Amino acid sequence: MNNLEFNEVRERKVDNSVHNKLISTIRAVIVEKQTLTKSEKEKVASVLSDILCLGKESVYRRLRGEVRFSFEEVALISRALSFSVDNIIGAQANEKAIFEINSVDAHQTNAAYTKRLENHIKVIRKINKDKNSHLKCAYSNLPFFFYLHYENLAKFRMFKNAYQINKSYPLPFKEFVVEKELVNVQKLFISEMRKIRHSSIIISQDIFISIIREINYFYNLNLLDDDDLHILKEELHNLRDELYSYAVSGQYGNDTEIYLYLSNVDIEASYLLIEGDGISQAHLAIYGISGINSQNKNIRDVHNEWIESLKRYSTLITFGGEIQRHKFFKEQKNIINTLLP
C-alpha cells in the first residue's frame, strides 16, 4: 500500500469514527428528549427528516454513511437537538474549542432574542433534572438574570442594545416595543434559573453604577423622560431590596441555595457556568445582549478555575459578612438615588 492509499484509508477511518459518534449522539439525544412521543423516539429518521426538510430515503442514506452530513446539516441538527459538536469533530486539544456565538439580529431583536432565550431554557431544564445542578458566575455589571422579570429594566436593556446597533433614527424609550412573547419568555427564563439548586454569584461592588450611568445618558439625549426615569428608579430600588433578601436568606424561596459574594478586585468580564445532568455550559457575556457559549470540557475547566479564583478575592455576604453587606446595600441605595433629574 502506498502513502496515498494509506492516507485515504486513515482519512476514511477518521471520517467513519466521526460519523458514528455523530449518529450515536443524535440517537441518545432524541431518546432523552421529553417533548417527543415514544414512536418519534423510535424513528430517528422521522425526527431528522423534519429538522433537515429531507425525504426519509435521503436521511437513511446519511444514517448508513452512504452520504455524509454536510456542515450546515450538522449545525441544524445540533441546534434543534441542543447538543455540542465539540467532541464529535475532535476539538479536544487544550488550545481548541468550538464556541456558539449568540448574536442577536438588530433588525429582528424581539424574535431573535426570544429564540435565544428559549434555547437557554431548554438547556437549563435539562440541567435542572440533576438535584445537584450548579450555577457559578462572576459579573462586572448587573447580572441580567437578576432583573429580566422587571418589565422596564428588561426593556431598557433591549432599548440600549437597539440604539447601539441600529443606524436608524432612535425612538424614544416610550415608543420602543418589546413584544409580549419576549416578555413572557424572559419571565420563564428567570423561573428556570431560580430552580438551579446551588448558585455561587460573584458581583462587583459597582454593579449599579454602569446602569445608572447609561440611564442618565439616554435621559440627557431626551430619549427618556421624567416618568421613565421615575419608573426605572423605582424598579432599581425594588431590585436592590430583592437582592438584599437573597443575601440574608440565601435562597429564592424554594429548595435552592444562593451564595452572594462581593468582589474586592475588578472583574474584567462577565462569566457564567451552569452544570448538571452531565451537561456543562460556559457563557461569556459580550456584544451587549449577545454572548458566546461553549460546552467544551476545557473551556468549562478554565471558566470554573477562574470563577473559583475570584472567590478568593471576594467576601461572602450570605449568612455572614453582615457589616459589609449592610454597607454595600446602603451604598447601592445612594447610587440609585443619583438618577436624574
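**Two pairs of packed helices**

Reply: In this predicted model, helix H7 (residues 151-165) packs against helix H10 (residues 226-249) at an angle of about 115°, and their axes lie 8 Å apart. Because angles from 65 to 115 degrees count as roughly perpendicular, H7 is described as roughly perpendicular to H10, and the crossing of these two helices is left-handed. On the H7 side the contact involves Glu151, Asn152, Leu153 and Phe156, which meet Ile231, Leu232, Glu235, Leu236 and Leu239 of H10. Sorted by class, the residues in this contact of H7 with H10 are 6 nonpolar, 1 polar and 2 charged.

A second pair can be set beside it. Helix H6 (residues 109-127) and helix H8 (residues 180-193) have axes that come within 9 Å and cross at roughly 20°, which makes H6 roughly parallel to H8. The crossing of H6 and H8 is left-handed. Among the residues that make this contact are Tyr113, Leu117, Ile121 and Ile124 of H6, together with Leu182, Val185, Leu188 and Phe189 of H8. By class, the contact of H6 with H8 has 9 nonpolar, 4 polar and 4 charged residues.

Finally, a single helix can be viewed on its own. In helix H4 (residues 56-64), the residues Ser58, Val59, Arg62 and Leu63 are buried, and, seen down the axis of H4, the buried residues fall within an arc of 140°, so they line one face of the helix. Just after H4 comes Gly65, which takes a positive phi of about 90°.

Note on methods. Residues numbered from 1 in each chain as written. Predicted model: local features only at pLDDT ≥ 70, side-chain atom pairs only at ≥ 80, totals over all residues. Heavy atoms only, no water. Buried < 20%, exposed > 50% of the residue type's maximum accessible area, 1.4 Å probe, protein only. Helix = DSSP H or I, 4+ residues; strand = E, 2+ residues; numbered from the N terminus. Arc of directions from axis to C-beta. Axes fitted to C-alpha atoms, helices over the stretch in contact; angles between N-to-C directions. Parallel < 35°, antiparallel > 145°, perpendicular 65-115°, else oblique. Left-handed = near helix turned anticlockwise from the far one by under 90°. Contact = heavy atoms within 4.5 Å. Nonpolar A, V, L, I, M, F, W, Y, C, P; charged D, E, K, R; others polar.
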